[in-house]
Amino acid sequence: TVFDLQRNTKRWEMILSSAEIERVAFRQGKIDETDEFLAQVRELQPDAIIHLAGLQVPTCRENPVMGAKVNVIGTLNVFEAARAIAAAGKTAPRVVYASSAAVFGPDAEYNEKAVGDQSVPRPGSHYGAYKLCNEHCAKAYWVSYKLPSVGLRPLTVYGPGRDTGMTSFPTRAMAAAVKGQAFDIPFSGPTAYIHMREVADMFVTALELFRLRQ
């Protein structure tokens, strides 16, 4: 089941046939509207939740309050929905959510040294701050309620369907090159690229590892 603002199949059509798309159940709503979202999850009783909803860097910069509502309150709603199912005496859905390498901020914050998962996060954007907040909240749900989750921090995701957000520029540059059009990527320096299919596999694999551990 897909829960989203609207049923837009543009990206689905890149990997699914028309018949497969018709089999995808869809529910419309806003993840930051707590009562609505919790009611949807209670009705669905999912075994697992892959949480990808969020607003990207430019939107969060232009409208920090809306960015916080969607990225932070929306994520809290995911955990609250899982906690509500567990409180009803059922197995809580496995939760895998998208964090981001944006929790680390620019290289200048680290004196240009290599940055890894053990580095101290120093987000330089509202988006990165929201993602770091979500990681701390995820830990709090484990400490307080023993509600497990996995957060993944992809960096520069590229490939079909990658058309929004700061790190979408390399993919958009590739598309422009195919068309013989000029395109400027508004940042420079080394980065780690990961293909969108690999990212999808990471989320699914995390859920499978959850299942095996349970």
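What covers the buried residues of α6? The cover includes β6 (156–158) and β7 (193–195). Helix α6 itself spans residues 169–178, and its buried residues are Phe169, Pro170, Thr171, Ala173 and Ala176. Just after α6 comes Gly180, which takes a positive phi of about 75°.

The model is predicted, and a word on confidence belongs here. The mean pLDDT of the protein chain is 93, and 100% of its residues reach 70 or more. Among the elements of the chain, α5 has the highest mean pLDDT, 98, while helix α7 (residues 196–213) has the lowest, 88.

Next, the sheet. Three strands form an open sheet in the order β3-β4-β5, and their pairing is parallel. Strands β3 and β5 are the edges, since each of them pairs on one side only. On average, neighbouring strands of this sheet are turned by 10° against each other, direction ignored. In general, the strands of a sheet pair through backbone hydrogen bonds, and the pairing is either parallel or antiparallel. Strands β4 and β5, which run parallel, are joined by four bridges. Across this pair, Val96 stands opposite Val150 in β5. Helix α7 lies across β3, β4 and β5, and runs at about 155° to β4.

His51 belongs to strand β3, which covers residues 48–51. Is His51 buried or exposed? His51 has a relative accessible area of 5%, and the cut-off for buried is under 20%, so His51 counts as buried. Apart from neighbours within four places in sequence, His51 is in contact with Ile31, Gly74, Thr75, Val78, Val96, Tyr97 and Ala98. Of these contacts, Gly74, Thr75 and Val78 are also among the buried residues of α4.

After α4 comes Gly89, whose phi is positive, near 90°.

Leaving aside neighbours within four places in sequence, Val72 is in contact with Gly67, Tyr130, Cys133 and Asn134. Val72 and Cys133 are 61 residues apart in sequence, yet their C-alpha atoms are 7.3 Å apart in space.

Most residues other than glycine have a negative phi. Gln45 is not a glycine, although its phi is positive, about 50°. Where does Gln45 lie? Gln45 is in the loop between α2 and β3, and at 31% relative accessibility it counts as partly exposed. Lys146 also has a positive phi, of about 55°, although Lys146 is not a glycine. Its place is in the loop between α5 and β5. Lys146 has a relative accessible area of 52% and is therefore exposed, the cut-off for exposed being over 50%.

Technical notes:
Residues are numbered from 1 along each chain as its sequence is written. This is a predicted model: local features need pLDDT of at least 70, side-chain atom pairs count only at pLDDT 80 or more; totals for chains, interfaces and linings use all residues. Side-chain values use heavy atoms; hydrogens and water are left out. Helices (H or I, at least four residues) and strands (E, at least two) are DSSP runs, numbered from the N terminus. Buried means under 20% relative accessible area, exposed over 50%, partly exposed in between (1.4 Å probe, protein chains only). Contact means heavy atoms within 4.5 Å. pLDDT is the predictor's confidence in each residue, from 0 to 100. Two strands pair if DSSP finds at least two bridges between them. Axes are lines fitted to C-alpha atoms, for helices over the stretch in contact, and angles run from 0 to 180 degrees between N-to-C directions.
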